[in-house]
Amino acid sequence: MGRPSKPIISKERAASAALEVIDEEGLDGLSLQRVAKKIGVKAPSLYYHFNNKADMMASVARLILKQAYVPDIELEPDWREFLVRQCIASRRSILRHPNAAPLMLQFFPRHLMLGAYEHWIQKYDVSPELQMLVLDGTEKLTFGSALLGAMSRASGLAPLPPFDAETHEHLATAVTANAYDEDAMFEESVRRFLSAF
């Protein structure tokens, strides 16, 4: 089917509608027809912006990352504090849409981040051979935490399953001694990771 000669809706509006469908019905509920219905157009109108469903899902992944906005980031003089704030914002953005979180694995839009990588990596006051460790480590901490948290939220299961405290004595001690909730534990993990640099 050919594309319409002019767009009826914007690509961002269509991606937002697709994200709403995923939030409401899960990834299996996503279809061009459902998205079109949500924004009051016919499905062929979406072909102006998307080649197929996978193209639409990639746009949703980009939208989730764009929602991880940190205000006044350029005013932050400490690159470590910037990274903590950016990691928290990225994780929160993904956790707001737990049904869409798997898209970050399949369609992670790293090409959109190249400019930000270039801008911020020069501010890291660590030697060049350590800069990629900082970049890669903070991303893995962020997206690993977000994806595990999203899986827990989407399935309704607790992050840590129930366990017998006598059989798992050391784990029970660690859980009891832990003073952090899930969000605070993530932030503290990122801060401790960055303190190594």
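Tyr69 sits in the loop that runs between α3 (53-66) and α4 (79-95). Is Tyr69 buried or exposed? In this predicted model, Tyr69 comes out as exposed, since its relative accessible area is 62% and the cut-off for exposed is over 50%. Along the chain, Tyr69 and Ser93 are 24 residues apart, and their C-alpha atoms are separated by 8.8 Å.

Now for the overall picture. The chain has nine helices and zero strands, so reading along the sequence gives α-α-α-α-α-α-α-α-α. The C-alpha atoms fill a box of roughly 60 × 45 × 25 Å along the principal axes. Of the 197 residues, 41% count as buried.

**Helices α1 and α2**

Take helix α1 (residues 11-25) and helix α2 (residues 32-39): these two pack at an angle of about 110°, and their axes are 9 Å apart. How are α1 and α2 oriented to each other? Roughly perpendicular, because an angle from 65 to 115 degrees falls in that class. As for handedness, α1 passes α2 in a right-handed crossing.

**Salt bridges**

Side chains of opposite charge can pair when their charged atoms come close. In this chain, the count comes to 11 salt bridges.

| Pair | Closest N and O atoms |
|---|---|
| Glu25 and Arg34 | 3.1 Å |
| Arg91 and Asp183 | 2.8 Å |
| Glu187 and Arg191 | 3.0 Å |

Start with Arg34 and Glu25, which form a salt bridge. Arg34 counts as partly exposed at 39% relative accessibility, and Glu25 is partly exposed too, with a value of 39%.

The salt bridge between Asp183 and Arg91 reaches across the sequence. Because Asp183 lies in helix α9 (residues 182-195) and Arg91 in helix α4, this pair ties together parts that are 92 residues apart in sequence. How do the two partners fare for accessibility? Asp183 is partly exposed, with a relative accessible area of 38%. Arg91, on the other hand, counts as buried at 2% relative accessibility, because the cut-off for buried is under 20%.

Then there's the pair within helix α9. Glu187 forms a salt bridge with Arg191, and since these residues are four apart in α9, about one helical turn separates them. Glu187 is partly exposed at 27% relative accessibility, and Arg191 is partly exposed with a relative accessible area of 31%. Elsewhere, salt bridges that share partners join Glu20, Glu24 and Lys38 into one network.

**A nonpolar patch**

Which residues form a nonpolar patch on the surface? Leu160, Phe163, Leu171 and Val175 do, with about 300 Å² of accessible area together. One of these residues, Phe163, is in the loop between α7 (128-155) and α8 (169-177). Phe163 is partly exposed, with a relative accessible area of 30%.

**Back to the loops**

How values were computed
Residues are numbered from 1 along each chain as its sequence is written. This is a predicted model: local features need pLDDT of at least 70, side-chain atom pairs count only at pLDDT 80 or more; totals for chains, interfaces and linings use all residues. Side-chain values use heavy atoms; hydrogens and water are left out. Patches are made of residues with over 30% relative accessible area and no salt bridge: like charges are joined within 9 Å, nonpolar side chains (Val, Leu, Ile, Met, Phe, Trp, Tyr) within 5 Å. Accessible areas come from the Shrake-Rupley method with a 1.4 Å probe; for residues, only the protein chains shown count as cover. A salt bridge is a side-chain nitrogen of Lys or Arg within 4 Å of a carboxyl oxygen of Asp or Glu. Buried means under 20% relative accessible area, exposed over 50%, partly exposed in between (1.4 Å probe, protein chains only). Axes are lines fitted to C-alpha atoms, for helices over the stretch in contact, and angles run from 0 to 180 degrees between N-to-C directions. Angles under 35 degrees count as roughly parallel, over 145 as roughly antiparallel, 65 to 115 as roughly perpendicular and the rest as oblique. A crossing is left-handed if the near helix is turned anticlockwise from the far one by less than a right angle, and right-handed if clockwise.
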